[in-house]
Amino acid sequence: MILKRSGVTTVSAGVVSPWWIAFTGLFLVVFFVLPIVNNLLNTTELATLAKQRPISFYYHKLFTDPYYIRIVFDTVALSVGVTVICIIIGYPVAMFLVRHSGKWSGFIIFLLIAPLLTSIIMRTFGWRVLFARRGLVNDFLIWADILDKPFMFLNSASSAVVGLVHVLVPFMVLSIASVLRSIDLQLEESARILGASRVKTFLKVTFPLSLDGIGTGFIIVFLLANGSFVTLLLLGGGDLKTLPLLIYQQFTISRDFQFAAAMSNVLLAIAVGCLYLQLRLIRRRGVKGS
Amino acid sequence: MNSRSWFRLKENAPKFSMLAYMVLFFIFLLGPILIVVAISFTETEYVAFPPKGFSLRWYERFFEYDAFVDSFIVSVELAIATAVLGVGLGVPAALAVTRGHVPYANTIMTFLLSPLSMPLIVMGFALLFYLSALGFGVSFLSLLIAHTVISLPYVVRTVAGVYRGISPDFEESAAVLGANRLQIFWNITLPMIKPGIFAGMLFAMLISIDNLPISFFFGSADTNTLPVVMLSYLEHQFDPSIAAASCIQLIVAVIGLFIVERIYGLDAMTPAS
């Protein structure tokens with residue numbers, strides 16, 4: 001190969017071939033895009049066991065029957081609620097991690113990531129023990145005179161929300177922390193020098209600059225909450241019904257696949273809507289890498 | 001902090017409250033997990049916390065119960081196969097998108113990462129009927145395909161993250177000196193992106209071994225993974241064997257992490273994501 005001035009770019013273009021993407025792209029088209037399109041268009045014969053009904057019947061049911069409207073609404077409301085709680089709980093943790101943890105920061109990150117190594121069933125199991133009628137949480141609340149008899153946390157929406165927040169809050173902390181870390185401290189110093197109080201500096205400088213991280217965390221947590229059913233199944237006990245839980249039940253108990261397909265498409269639409277928001281958010285802020 | 005400053009509580013109040021908050025937060029985060037670890041060693045017939053006595057009977061029970069052991073083997077095999085296939089597909093894609101002058105590289109990257117944003121239960125449902133129509137049915141191969149689709153983004157992201165941080169000069173020098181594409185990849189690129197590959201493999205394994213929303217659609221006597229068996233077990237009974245099973249799964253994950261950490265260090269695993 002002859003070294004030429006203008007040849008440098010050609011050389012670098014030659015190291016990695018653009019064709020290396022081809023097989024992976026094909027794999028994803030065949031096993032990711034097509035299955036979803038297939039489900040959307042409802043081409044596979046699903047109505048095997050259940051009485052034959054067209055999928056439009058189920059869409060109609062989902063959007064007109066108050067019971068199912070309620071479930072679609074609850075699915076979104078639960079995801080938003082869990083995400084907001086994660087922001088409130090996680091923000092101070094991210095702040096501490098970035099600004100005050102010093103040499104402990106590695107250890108704190110380890111503690112945040114460690115739970116991700118455990119299975120969702122393990123964590124749900126732990127909460128079931130804690131929330132049991134004679135479990136630690138009830139014992140404590142009775143000891144502290146907050147309750148006079150055990151409260152049935154299990155099989156209620158409250159324990160499902162706690163379980164979901166527990167699983168998802170590390171994602172929020174890490175998203176917020178990565179943006180907080182990139183904030184130029186001089187901006188805050190300038191605000192302080194110009195006479196802003198600590199609170200005002202936070203509200204007018206730090207917080208607006210960290211919105212990017214909250215946005216990323218919001219999307220991650222929302223999407224994960226939106227699709228989860230194990231926590232709702234094992235902690236919520238069916239008290240709080242959402243689309244994923246209903247899909248699971250339609251599949252395992254009722255075996256009405258057509259209905260499950262319709263619900264999964266609605267769930268997909270919610271996720272794609274959220275993704276669209278994310279893309280717009282990225283576009284607005286310019287390309288910043290991944 | 002010296003002992004005198006403890007008296008200056010008023011001044012340090014924000015600091016103390018923040019520390020207290022952190023302690024509470026990590027009790028919340030780690031408490032439920034540590035409780036399960038403790039319960040797995042209980043001597044009692046039922047789930048007891050605090051556990052009474054110390055025994056390994058529930059671990060013995062895990063290894064005596066065929067459904068657990070068989071599904072555990074399936075899970076581990078599946079995790080390894082997913083990691084290998086994920087790397088085979090993910091590494092070339094990550095390299096091409098990062099430095100292959102692919103048109104619309106940003107859009108393609110978004111596409112490669114998009115399985116992350118799909119509700120897993122929808123993917124599982126859609127894939128089950130699609131793969132059945134193709135004739136794959138409920139099989140290990142179907143599980144492998146499904147798990148690879150969802151773990152591919154992790155491999156692509158970690159490998160692309162590491163590769164982006166490596167100067168193109170090394171590869172260009174090799175090209176100038178006459179190395180061909182394969183030689184450059186094998187001798188220059190591959191050794192440098194190894195941390196990313198190992199991290200990606202680890203993520204793929206962790207994603208696979210813990211997956212439930214997809215695996216349960218492909219459940220059969222031969223293809224039940226450990227989480228699927230644990231879920232159906234939990235739906236019917238509540239005893240410490242689930243705690244032991246959870247801990248065994250955790251140990252596998254920790255061993256994986258430890259091996260990667262030993263070889264490449266955790267710092268290399270968290271590239272600027």
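User: Okay, chain B first. How much of chain B is buried?
Analyst: Buried residues make up 48% of its 273 residues. Keep in mind that this is a predicted model.

User: And what is chain B made of, helices or strands?
Analyst: Chain B has 10 helices and zero strands. Reading from the N terminus, the order is α-α-α-α-α-α-α-α-α-α.

User: What's the radius of gyration of chain B, and what would a compact globule have?
Analyst: Chain B has 23 Å, while a compact globule of 273 residues would be near 19 Å. Its C-alpha trace spans about 70 × 70 × 30 Å along the principal axes.

User: Where does B:Ala244 sit?
Analyst: B:Ala244 is in helix H10 of chain B, which covers residues 241–264.

User: Is B:Ala244 buried or exposed, and why?
Analyst: B:Ala244 is buried, because 25 other C-beta atoms lie within 10 Å, and the cut-off for buried is 20 or more.

User: Which residues is B:Ala244 in contact with?
Analyst: Skipping its neighbours within four places in sequence, B:Ala244 is in contact with B:Ser40, B:Trp58, B:Tyr59, B:Arg61 and B:Phe62.

User: Switching to helix packing. How do H3 and H9 of chain B cross?
Analyst: Helix H3 (residues 66–99) and helix H9 (residues 226–236) of chain B have axes that come within 7 Å and cross at roughly 145°.

User: Which residues meet there?
Analyst: From H3(B) you have B:Ala67, B:Phe68, B:Ser71, B:Phe72 and B:Ser75, and they meet B:Leu226, B:Val228 and B:Val229 of H9(B). Sorted by class, that contact has six nonpolar, two polar and no charged residues.

User: What's up with the phi of B:Tyr104?
Analyst: B:Tyr104 has a positive phi of about 55°, although it is not a glycine. Most residues other than glycine have a negative phi. B:Tyr104 lies in the loop between H3 and helix H4 (105–113) of chain B.

User: Is B:Tyr104 buried or exposed?
Analyst: B:Tyr104 is exposed, because it has 10 other C-beta atoms within 10 Å and the cut-off for exposed is 12 or fewer.

User: Now chain A. How many helices and strands does chain A have?
Analyst: Chain A has 13 helices and zero strands. Buried residues make up 38% of its 290 residues.

User: How is chain A split into domains?
Analyst: The domain assignment gives domain 1 (18–47) and domain 2 (54–285). The centres of those two domains of chain A, taken over C-alpha atoms, are separated by 29 Å. Their contact takes six residues from domain 1 of chain A and seven residues from domain 2 of chain A.

User: And chain B's domains?
Analyst: Chain B is divided into domain 1 (3–39) and domain 2 (63–269). In chain B, 36 Å separate the two domain centres, again over C-alpha atoms.

User: How many residues are in contact between chains A and B?
Analyst: 70 residues of chain B are in contact with 64 residues of chain A. Helix H1 (residues 9–39) of chain B gives the most to chain B's side, with 13 residues. By class, chain B's side has 55 nonpolar, nine polar and six charged residues.

User: Last one: what's in the largest nonpolar core?
Analyst: That core has 161 residues, and those with the most contacts inside it are A:Leu168, A:Val173, A:Val221, A:Met263 and B:Val159. Not counting residues up to four places away in sequence, A:Leu168 touches A:Val82, A:Cys86, A:Val221, A:Leu224 and A:Ala225.

Key:
Residues numbered from 1 in each chain as written. Chains lettered and ligands numbered in written order. Predicted model: local features only at pLDDT ≥ 70, side-chain atom pairs only at ≥ 80, totals over all residues. Helix = DSSP H or I, 4+ residues; strand = E, 2+ residues; numbered from the N terminus. Rg over C-alpha atoms; globule rule 2.2 N^0.38 Å. Core = buried A, V, L, I, M, F, W, Y, C linked by C-beta atoms within 7 Å. Contact = placed C-beta atoms within 7 Å. Domains from an automatic or database assignment. Nonpolar A, V, L, I, M, F, W, Y, C, P; charged D, E, K, R; others polar. Axes fitted to C-alpha atoms, helices over the stretch in contact; angles between N-to-C directions.
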